[in-house]
Amino acid sequence: MASSSLFQSPSFSLKPQTPISPPSPKPHFTTIKCSSSSKCRDNIRDDARRHNTTHHHHFSAKYVPFNSSSNDTPSSSSESYSLDEIVYRSQSGGLLDVQHDMSALKNYDGRYWRDLFDSRLGKTTWPYGSGVWSKKEWVLPEIDSDDIVSAFEGNSNLFWAERYGKQVLSMNELWVKHCGISHTGSFKDLGMTVLVSQVNRLRKMNRPVVGVGCASTGDTSAALSAYCAAAGIPSIVFLPANKISMAQLVQPIANGAFVLSIDTDFDGCMQLIREVTAELPIYLANSLNSLRLEGQKTAAIEILQQFDWQVPDWVIVPGGNLGNIYAFYKGFHMCKELGLVDRIPRLVCAQAANANPLYLHYKSGWDEEFRPVKANTTFASAIQIGDPVSIDRAVYALKKSDGIVEEATEEELMDAMAQADSTGMFICPHTGVALAALIKLRNKGVIGVTERTVVVSTAHGLKFTQAKIDYHSKEIPDLACRFANPPVQVKADFGSVMDVLKKYLSKSEAPRR
């Protein structure tokens, strides 16, 4: 978590029909073949434009006030806003939610949507090669494909953690959804492609948006700066000085963002960016903006798709600002409501013990009023948040999914990360939080041996190499680093090398952790 002094402070038609099982839909793309004597002159965006892949349908979405008491049904409030309006809060100051016209979507049954989404998987047709935009009708149905800013994000690996599951947890069905294997190395790409695409649309409509800004603990700024750079849109980033890794710091700088390193924590940066965006025509990109959650929910749909539309028993998500746990609930719930599956999994939100306001609220039985905390330093720096914006969303999602909140100490999360790495993964500390939570829930008997469980890995381990170096060097105060694997210093002669190897091999024929 150390940082340089540079950053220190001083053509397809969807017509309404009865919801019966129609024939499998033809893919929403056109295959272009080049003759051997000529080259294809159209790129994929030009080809999409030429073949008019913008759908003529009646799907729509709008902002409505988030109402945790009745969010499964159309809002009883008359308050709503077009997605083309620049608005982040309801009239009462509460959160907003993107509400889709479910009646229009229900004109097509679950089999139709499953077949449609499957038909787009792995294609390079613009924009459906993206794991997000392959679900375009459920994300931003009214945006023109030509306005979309995409790196073909999503479609991330669902990894069967066979060895870790069997040896550490005695489980055969442990899976890790590697959302961090993405364009900028974190799940934030899923939401940022949606937000920046909408900003791109607004700018083409001559709306007063001069740039996009965010407060960040690292990954949000990386995603924002990359997608803005791809679209030629200025990005402004507020970072807490000395609180994120160098790998995270360098990403927005490399992508040309205007970076402010501020002598405060994430919550302080968040307060400042909200004040700034209220005064200047800078579009707010934090998860206060509900557009990002529309992209993030596609990871839940993707998990179902990768399991051939079979529902796992549990999904464990690391939680900081808490938008992601609601996004996963929303994705699963839409699939159930539209008939793709018949149930949703139970959700677990995993928090670092050093930044655990949701956990404390959960342990009170949800009865006490939510109280923010002062987040202490944690290796899981992206979730080092004491006053989460999406607390109401998270509580709602957990209640609706019969969910659980668990926490992990610094030693627990770092040990879990090291154990996972020793079985072939290379995960971030936040995934360590989720795995440590899973260990606790297995030990308590809450999650059974045979229950299919998915742990959501939110960022790439390469962003956190210093934490791994410190662990394996046993240089972390007050941590035993039980699974450290430091290199062995050996003299440069054959005999010394042989002695060390024989000693190593004699300990175990096949060393295992």
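**Entry: α4 and α15.** I looked up helix α4 (residues 162-169) and helix α15 (residues 429-443), which pack at an angle of about 40° with their axes 11 Å apart. Axes are lines fitted to C-alpha atoms, for helices over the stretch in contact, and angles run from 0 to 180 degrees between N-to-C directions. Helices (H or I, at least four residues) and strands (E, at least two) are DSSP runs, numbered from the N terminus. This angle makes α4 oblique to α15. Angles under 35 degrees count as roughly parallel, over 145 as roughly antiparallel, 65 to 115 as roughly perpendicular, and the rest as oblique.

Which residues make the contact? From α4 I noted Y164, V168 and L169, and from α15 L435, L438, I439 and R442. Contact means heavy atoms within 4.5 Å. By class, I found six nonpolar, no polar and one charged residues. Ala, Val, Leu, Ile, Met, Phe, Trp, Tyr, Cys and Pro count as nonpolar, Asp, Glu, Lys and Arg as charged, and the others, Gly among them, as polar.

**Entry: ground rules.** The model is predicted: local features need pLDDT of at least 70, side-chain atom pairs count only at pLDDT 80 or more, and totals for chains, interfaces and linings use all residues. Residues are numbered from 1 along each chain as its sequence is written, and side-chain values use heavy atoms, with hydrogens and water left out.

**Entry: α14 and α16.** Helix α14 (residues 410-421) packs against helix α16 (residues 465-472) at about 95°, with their axes 11 Å apart. That makes α14 roughly perpendicular to α16. M414, D415, M417, A418 and D421 of α14 meet A467, K468 and Y471 of α16. I sorted the contact residues into five nonpolar, no polar and three charged.

**Entry: the sheet.** I traced an open sheet of six strands in the order β4-β5-β13-β10-β11-β12, with mixed pairing. Two strands pair if DSSP finds at least two bridges between them. β4 (158-160) and β12 (404-408) stand at the edges with a single partner strand each, so one side of each has no neighbour in the sheet. Neighbouring strands are turned by 25° against each other on average, direction ignored.

Inside the sheet, β5 (residues 174-178) and β13 (residues 453-457) pair in the parallel sense over five bridges. I looked up K177: its bridge partner in β13 is V456.
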